[in-house]
Amino acid sequence: MQLSKHEQNSIIDSVTVLLNQLDPNGVEPGGHNGAPWDEYVSEAQPMASLLINNGSVTTDQIDAIWQKWFSEPLIVIVGATRAKQFTASLNSLIEPAQQP
C-alpha cells in the first residue's frame, strides 16, 4: 500500500490515540496530571509501520513491540481480551481503506 506522508502520520496519530485509550501503563497520557499526549508514540510508530507495510498487524507482533520497550508482552499487562480488541482496532484503521 502506497500512502502519502500525511496519511502515514495520520495512522501514527491514530495508533497513538488507541494506545492512549488503552493506556497499558496507567500514565493517563494527555490528562491534566498525566503523561504527555505523545507518551506512547515510540511504541505507536512500529505498530503503524506494520499496518502501513503489511496492511495488518497481529497480537503477537504487538506483543513483540511491547516486549522490546517494557520487557513483557502487552497481553500480560492488559489481558488477552483487551489485547485482541486493541489489535482489531488497529487493523480497522487500515482495512476500510483497502475496500474498493
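Colleague: Which backbone atom does the side chain of Thr16 reach, and at what distance?

Modeller: The side chain of Thr16 comes to 2.9 Å from the backbone oxygen of Ile12. A polar contact is a pair of N or O atoms within 3.5 Å, where within protein one atom must be able to donate a hydrogen and the other to accept it, and where residues adjacent in sequence count only if both atoms belong to side chains. This is a predicted model, in which local features need pLDDT of at least 70 and side-chain atom pairs count only at pLDDT 80 or more, while totals for chains, interfaces and linings use all residues. Residues are numbered from 1 along each chain as its sequence is written, and side-chain values use heavy atoms, with hydrogens and water left out.

Colleague: Why is Thr16 called buried?

Modeller: Its relative accessible area is 0%, and for that reason Thr16 is classed as buried, the term standing for values under 20%, with exposed for those over 50% and partly exposed for those in between (1.4 Å probe, protein chains only). Thr16 sits in helix H1, a helix here being a DSSP run of H or I with at least four residues, just as a strand is a run of E with at least two, numbered from the N terminus. Beyond its neighbours within four places in sequence, Thr16 is in contact with Trp37, Asp38, Val41 and Ala44, where contact means heavy atoms within 4.5 Å. Between the C-alpha atoms of Thr16 and Tyr40, which are 24 residues apart along the chain, the separation is 6.1 Å.

Colleague: Where is Tyr40, and how do you know whether it is buried or exposed?

Modeller: Tyr40 belongs to the loop that runs between helix H1 (5-22) and helix H2 (41-54). Its relative accessibility is 1%, so Tyr40 counts as buried. Setting aside residues within four places in sequence, the contacts of Tyr40 are Leu19, Asn20, Asp23, Pro24, Asn25, Gly26, Val27, Pro29 and Trp66. With Asp23 there is also a polar contact of 2.6 Å between the two side chains.

Colleague: What makes Asn20 buried?

Modeller: A relative accessibility of 13% makes Asn20 buried. Asn20 lies in helix H1, and it touches Pro29, Trp37 and Tyr40 when residues up to four places away in sequence are not counted.

Colleague: Why are H1 and H2 called oblique to each other?

Modeller: Their packing angle is about 125°, with the axes 8 Å apart, an axis being a line fitted to C-alpha atoms, for helices over the stretch in contact, and the angle running from 0 to 180 degrees between N-to-C directions. Angles under 35 degrees count as roughly parallel, over 145 as roughly antiparallel, 65 to 115 as roughly perpendicular and the rest as oblique, and H1 and H2 are therefore oblique. The crossing of H1 and H2 is right-handed, meaning that the near helix is turned clockwise from the far one by less than a right angle, anticlockwise being left-handed. From H1 the contact is made by Gln8, Ile11, Ile12, Val15, Thr16 and Leu19, and from H2 by Val41, Glu43, Ala44, Gln45, Met47, Ala48, Leu51 and Ile52. These residues divide into 10 nonpolar, 3 polar and 1 charged, with Ala, Val, Leu, Ile, Met, Phe, Trp, Tyr, Cys and Pro taken as nonpolar, Asp, Glu, Lys and Arg as charged, and the others, Gly among them, as polar.

Colleague: At what angle do H2 and helix H3 pack, and what is their relation called?

Modeller: H2 and helix H3 (residues 59-70) pack at about 155°, with their axes 10 Å apart. That angle makes H2 roughly antiparallel to H3. The contact is made by Ser42, Glu43, Pro46, Met47, Leu50 and Asn54 of H2, together with Gln61, Ile62, Ile65, Trp66, Trp69 and Phe70 of H3. By class, 8 of these residues are nonpolar, 3 polar and 1 charged.

Colleague: What makes the phi of Glu28 worth a remark?

Modeller: Most residues other than glycine have a negative phi. Glu28, a residue other than glycine, has a positive phi, near 50°. Glu28 is in the loop between H1 and H2, and with a relative accessible area of 53% it is exposed.

Colleague: Where is Ser71, and why is it called exposed?

Modeller: Ser71 is in the loop between H3 and helix H4 (74-78), and its relative accessibility of 60% is why it counts as exposed. The phi of Ser71 is positive as well, near 65°.
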